[in-house]
Amino acid sequence: MPLLVDGRRVRLPRSAAELVRAHPLLEERARLLRGQSVQQVGPQGLLYVQQRELAVTSPKDGSVSILGSDDATTCHIVVLRHTGNGATCLTHCDGTDTKAEVPLIMSSIKSFSDHAQCGRLEVHLVGGFSDDRQLSQKLTHQLLSEFDKQDDDIHLVTLCVTAVNIKTAEIYRASFQDRGPEEQLRAARALAGGPNLSTSPLAEPPHFVEHIRSTLMFLKKFPSPANILFPGNKALLYKKNEDGLWEKISPGS
């Protein structure tokens with residue numbers, strides 16, 4: 001089934017710029033998103049998604065109301081939402097394995113929803129820039145191509161390249177002071193599994209160097225985290241408490 005824009009089949013062009021020019025509504029939505037002021041998002045009700053992570057939830061979730069991510073230089077933030085039941089998935093894609101990531105995004109939404117009910121699938125792609133090596137452009141094309149190969153109709157609503165409010169479906173620019181539990185551990189997972197430190201060092205935000213430094217110090221302190229941080233090979237579990245903040249779940253509770 002095709003990827004659609006404004007109800008029409010998309011013929012994938014060579015670049016995102018061509019696609020935007022062919023569909024003025026995409027250009028207008030991107031302009032409006034870029035023109036927004038950045039909203040500071042607090043930790044209450046927030047589930048922050050790091051690079052190469054995925055989160056999915058629905059408006060019925062009493063603990064999480066906002067999925068968010070940022071610092072997408074050559075990466076892309078992808079939001080897929082079912083308009084019928086509001087099931088929403090947000091992932092921070094870096095191009096490591098787009099062919100596997102897109103079906104995972106699709107299956108995560110379907111696992112959360114009765115896909116036969118009324119509504120449609122809408123996708124928003126946000127992030128990237130015109131880098132010299134054209135890594136962003138390559139990732140944009142990969143994502144569009146993979147969504148176009150899926151069995152379901154998928155409506156491309158935003159191509160701008162942020163945070164989504166699960167209750168209202170609002171996509172907006174945001175920054176985050178709190179990035180959830182075990183931030184260094186999660187960052188170490190992404191860093192250790194990636195090909196390099198940054199695909200775009202000249203475009204990274206001011207806090208990038210300190211972030212990498214603290215992650216490397218974490219890896220130095222815990223060279224074998226599986227043995228030290230996961231005793232008995234048990235997962236670290238957290239939940240949102242009544243105040244909307246993360247709380248560690250004690251083993252056996």
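Visitor: At what angle do the axes of helix H3 and helix H4 cross?
Guide: Keep in mind that this is a predicted model. In it, the axes of H3 (residues 98-111) and H4 (residues 135-148) cross at roughly 50° and come within 9 Å.

Visitor: What makes H3 and H4 oblique to each other?
Guide: Roughly parallel needs an angle under 35 degrees, and roughly perpendicular runs from 65 to 115. The H3 and H4 axes cross at roughly 50°, so the pair counts as oblique. The crossing is also right-handed. On the H3 side, Thr-98, Lys-99, Val-102, Ile-105 and Met-106 make the contact, and H4 brings Leu-139, Gln-142, Leu-143, Glu-146 and Phe-147. By class, that's six nonpolar, two polar and two charged residues.

Visitor: Why are H5 and H6 called roughly perpendicular?
Guide: Their axes cross at roughly 90°, and the label covers 65 to 115 degrees, so H5 and H6 qualify. Among the residues that meet there are Leu-185 and Leu-191 in H5, and Ile-212 and Phe-218 in H6. The contact divides into eight nonpolar, four polar and one charged.

Visitor: How do you know whether Thr-158 is buried or exposed?
Guide: Thr-158, in strand E10, has 7% relative accessibility, and buried means under 20%, so Thr-158 counts as buried. Residues it touches include Leu-26, Leu-33 and Val-123.

Visitor: What joins the side chains of Thr-158 and His-124?
Guide: A polar contact of 2.7 Å; the cut-off is within 3.5 Å.

Conventions
Residues are numbered from 1 along each chain as its sequence is written. This is a predicted model: local features need pLDDT of at least 70, side-chain atom pairs count only at pLDDT 80 or more; totals for chains, interfaces and linings use all residues. Side-chain values use heavy atoms; hydrogens and water are left out. Axes are lines fitted to C-alpha atoms, for helices over the stretch in contact, and angles run from 0 to 180 degrees between N-to-C directions. Helices (H or I, at least four residues) and strands (E, at least two) are DSSP runs, numbered from the N terminus. Angles under 35 degrees count as roughly parallel, over 145 as roughly antiparallel, 65 to 115 as roughly perpendicular and the rest as oblique. A crossing is left-handed if the near helix is turned anticlockwise from the far one by less than a right angle, and right-handed if clockwise. Contact means heavy atoms within 4.5 Å. Ala, Val, Leu, Ile, Met, Phe, Trp, Tyr, Cys and Pro count as nonpolar, Asp, Glu, Lys and Arg as charged, and the others, Gly among them, as polar. Buried means under 20% relative accessible area, exposed over 50%, partly exposed in between (1.4 Å probe, protein chains only). A polar contact is a pair of N or O atoms within 3.5 Å; within protein, one must be able to donate a hydrogen and the other to accept it, and residues adjacent in sequence count only if both atoms are side-chain atoms. Lists of a residue's contacts leave out its neighbours within four places in sequence.
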